[in-house]
Amino acid sequence: MRDTARKVEEKYFSNLATHVEFLPVEWRSKLTLDGDTVDSITPDKVRGLRDMLNSSAMDIMYYTSPLYRDELVKGLQQELNRLYSLFCSRNPEFEEKGGKVSIVSHSLGCVITYDIMTGWNPVRLYEQLLQKEEEELEERWMSYEEQRLLEELYITKQRLREIEERLHELKASTISKPPVLKFKVENFFCMGSPLAVFLALRGIRPGSSGSQDHILPRTICNRLLNIFHPTDPVAYRLEPLILKHYSNISPVQIHWYNTANPLPYEHMKPSFLNPSKEPTSAPDPESASAAPSPTTSPVMVRRHYGESITNIGKASILGAASIGKGLGGMLFSRFGRSSATPQTMETGKDGPEGDEKKATTAGTPPLPHSSSGFLEPTVELEHRIDFELREGLVESRYWSAVTSHTAYWSSLDIALFLLTFMYKQDQEETDKSNLDTI
């Protein structure tokens, strides 16, 4: 990703004074977890495929286990803070000049990073469930003995909360608790992310406001962006968790890296998906007659062909199969045996939204509006969150489903997308000064 971004930066952003630096966060190899127990119980046949599954599926199981979750969270949190402190010590002018930090996460790394930023903990969910059970108990008929015991339990819990609060206040007065992360996150890029599923299972449901605050407060992170390939089986959309009717609105299409003069992302109008799902009986899902799925973008006329992420994936999958440990197998297939998840990116300023030098891809052509399935069609998101890569000319969507999840790191389309948002403020200021000069 660093090499790919550098090529894009030289081509499109060389006129800007600031620079984006990519720092890989390698944290997984330092964790002990279960030692080599899982490795020892893995059969030897098709070992490469098994290692790749262990690298992805096993880490999700580790993360949902109460034994290992804290170790995963603390491992990533400490490495993020260590890298940031090291970078600032070597670049003292970074903080002085208002340098900003963005995080790029992949797959499970998106969930772990989200939980670090928001401080989410399953213990809190357990307390909410207990409270709900108490409310249900109060509503039903109870004997005198049950009522007496329930009142006693309520008083005891109330007393326990008071003691905990006093203890917390005492600790806070003597020791000031440092922030979880030593930096404010400007952009949080999620690639091939299952975060939406985790949030849905935690009880997050769509609201009536189009604010990102519904799932990630702007005070914690200025901008959340969810990037996915349409055939990536691990990736899910986030926008329908904020406003339900966005399940019938197409994700924003990411421009090909070699497109000339593209329409800036903030000017792309929402377009509606065909609500009918792909017929399950169709023998060829790629046939032209197949209706587009509500969770993927409609079929588009492709005038400008960029790279196919699937073609990159063919090389990636071979590298991924040889990796064996941790998230690295699925997440950092281009980096040999590295087993990191998220990757922080430092930049002197925010980044630009759409490079004016590039092309005329004027968004997705709108489809006829169907009122069915729309709760509040007038409500729109403050900012679009779901961004979908365009499909290349691929042989099979099934092959694409295997390779697309590991191929984000080397995509020129994604590199341009990331730099576009990180250089947004710089680009706008440069364009404004150019206009003033004219």
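Which exposed residues does the face of helix 1 turned away from its buried side carry? That face carries Lys7, Glu10 and Lys11, where exposed means over 50% relative accessible area, buried under 20% and partly exposed in between, for a 1.4 Å probe and protein chains only. The model is predicted, so that local features need pLDDT of at least 70 and side-chain atom pairs count only at pLDDT 80 or more, while totals for chains, interfaces and linings use all residues. Residues are numbered from 1 along each chain as its sequence is written, and side-chain values use heavy atoms, with hydrogens and water left out.

Helix 1 spans residues 2-12, and its buried residues are Thr4, Ala5, Val8, Glu9 and Tyr12. These cover an arc of only 135 degrees around the axis, which puts them on the same side of helix 1; the arc is that of the directions from the helix axis to the C-beta atoms. The buried residues pack against strand 1 (20-24) and helix 13 (412-422), contact being heavy atoms within 4.5 Å. Helices (H or I, at least four residues) and strands (E, at least two) are DSSP runs, numbered from the N terminus.

The structure holds 0 disulfides, a disulfide being a pair of cysteine sulfur atoms within 2.5 Å. The sulfur of Cys110 is 3.9 Å from the closest cysteine sulfur, in Cys190, which is too far for a bond.

| Residue | Relative accessible area |
|---|---|
| Cys110 | 0% |
| Cys190 | 0% |
| Ser400 | 1% |
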